[in-house]
Amino acid sequence: MELKIDETILEAYGLTHKNINIQQIGSGHINGTYLLTKKPSNEKFVLQYINTNVFTNPQAIANNIQAVADFLNQQFPSYLFPAPLSTINGKNMAVNNGSYWRLSPFVDDTVALDTLSSPKQAYEAAKQFGKLSRLLDDFDSSKLQATIVGFHDLALRFEQFQTALENANTTLKTQAAKEIEVAIGFQYLLNIYQELKNHLPNRVMHHDTKISNVLLNSANYEGVCVIDLDTLMPGKFISDLGDMMRTYLCEFSENETDLTKIKIREDYFSAMIEGYLFEMGSILTNKEKQAILFSGKYIIYMQALRFLSDYLNGSVYYPIHYPTQNLDRTKNQFKLLQELVDNEEKLQHIINQSLLKVH
């Protein structure tokens with residue numbers, strides 16, 4: 001079945017349905033992504049619409065990406081940063097009837113993976129996310145706007161959990177009683193975050209470092225570049241590294257219900273830390289280095305709170321396929337968090353060994 005995109009959007013970039021083929025791609029749940037192939041040249045582009053239910057200020061996204069692109073083009077012109085292309089009228093987005101679209105160059109001979117299958121992939125991905133932040137070390141992050149306010153604010157997420165708990169019906173609270181108890185038991189992580197956050201510098205962070213948001217060479221899986229820049233905004237390094245820990249360390253996703261499968265792959269952890277510190281090790285402060293392992297606890301705990309809050313709210317945010325899926329996701333994330341806690345000594349040793357290699 002041929003996919004149809006409003007002709008106005010295509011015309012904004014000098015394209016028409018007659019001179020392109022359209023294919024839907026990507027596994028993301030937020031934005032719709034399409035591969036456009038121009039005829040007869042076979043030149044390829046990626047067209048994406050911005051979900052304004054999640055990103056209420058699309059212009060902030062466009063401005064952030066443009067500011068970073070301008071800096072990188074000036075300071076590091078050889079770095080591949082696939083910023084969106086301008087429309088034929090010089091705009092950084094195409095707008096039609098309240099919908100916002102952007103067109104980006106397609107990077108040949110690359111792959112965006114949905115799952116990791118080797119420690120090398122974890123190393124290369126972590127290295128790419130670290131490289132982007134390192135190159136932006138001298139960029140004034142205060143020039144960027146928050147594209148989702150409070151996105152990785154653990155205090156806000158805990159407050160939302162408390163509100164959900166207060167307003168939840170008795171049945172949901174009863175079903176989630178054990179998970180509520182666990183959430184409160186891990187509240188000490190919020191206290192650590194509150195004490196720590198003011199001692200960590202603001203940096204330009206990606207904030208969504210899952211493996212599908214980095215392009216790897218399709219032949220040898222070497223890192224090529226970072227993509228999906230909607231959440232490129234000021235933040236703390238624990239956001240990016242923590243999200244990598246959450247999504248790289250276990251073979252199974254948050255949708256796995258067999259909790260015996262939720263275990264940390266130490267070789268993937270080691271590879272990820274090595275890759276990230278290869279780029280970021282020389283610029284991290286001592287306080288940041290001390291918080292490396294905490295970054296995983298912080299993000300995993302926050303995601304567990306978000307799943308639990310959504311369950312208590314009646315599962316209105318995350319898509320579900322059965323009524324208790326968000327509760328199962330909560331259990332999954334708390335198991336992953338406990339694995340991190342239980343293996344802390346071994347994981348900290350890996351971190352310490354990697355830090356010794358930093359110059």
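This is a predicted model: local features need pLDDT of at least 70, side-chain atom pairs count only at pLDDT 80 or more; totals for chains, interfaces and linings use all residues.

User: In what order do the 5 strands of the open sheet stand?

Analyst: Helices (H or I, at least four residues) and strands (E, at least two) are DSSP runs numbered from the N terminus, and two strands pair if DSSP finds at least two bridges between them. Here the order is β1-β2-β3-β5-β4, with antiparallel pairing. β1 (20–25) and β4 (94–96) each have a single partner strand, so one side of each lacks a neighbour in the sheet. On average, neighbouring strands are turned by 25° against each other, direction ignored; such angles come from axes, lines fitted to C-alpha atoms (for helices over the stretch in contact), and run from 0 to 180 degrees between N-to-C directions.

User: How many bridges join β4 to β5?

Analyst: There are 3, linking β4 to β5 (residues 99–105) in the antiparallel sense. To find the place by eye, look for Ala-94, which stands opposite Trp-101 in β5.

User: Which strands are at the edges of the open sheet of 3 strands?

Analyst: That sheet has the order β6-β8-β9, again with antiparallel pairing. Its edge strands are β6 (110–111) and β9, each pairing on one side only. β6 and β8 pair over 2 bridges, with Val-111 opposite Leu-216 in β8. Helix α3 packs on this sheet, touching β8 and β9, and its direction makes about 45° with that of β9; contact means heavy atoms within 4.5 Å. Between β8 (residues 214–217) and β9 (residues 223–226) there are 3 bridges, and Leu-215 has Cys-225 as its bridge partner in β9. The hairpin of β8 and β9 has 5 residues between the strands, and there Tyr-221 takes a positive phi near 60°.

User: What span should helix α2 have?

Analyst: The expected span of a helix is 1.5 Å times one less than its number of residues. For the 18 residues of α2 (residues 58–75) that gives 26 Å, and the end C-alpha atoms are 26 Å apart, which agrees. Among its buried residues are Ile-61, Ile-65, Val-68, Phe-71 and Leu-72; buried means under 20% relative accessible area, exposed over 50%, and partly exposed in between (1.4 Å probe, protein chains only). The cover over the buried residues of α2 includes β3 (44–50), β5, α3 (119–135) and β10 (233–235).

User: Why is α12 called largely enclosed?

Analyst: Because 13 of its 18 residues are buried, α12 is largely enclosed by the rest of the structure. This helix covers residues 325–342 and reaches 26 Å from its first C-alpha to its last.

User: How many disulfides does the rule count?

Analyst: A disulfide is a covalent bond between the sulfur atoms of two cysteines. The rule used here asks for a pair of cysteine sulfur atoms within 2.5 Å, and the count comes to 0. Cys-225 is buried at 0% relative accessibility, and Cys-250 is buried too, at 6%.

User: Is Glu-279 buried or exposed?

Analyst: Buried, with a relative accessible area of 6%. Glu-279 lies in helix α9 (residues 266–280). Not counting residues up to four places away in sequence, Glu-279 touches Lys-127, Gly-130, Lys-131 and Arg-134.

Key. Residues are numbered from 1 along each chain as its sequence is written. Side-chain values use heavy atoms; hydrogens and water are left out.
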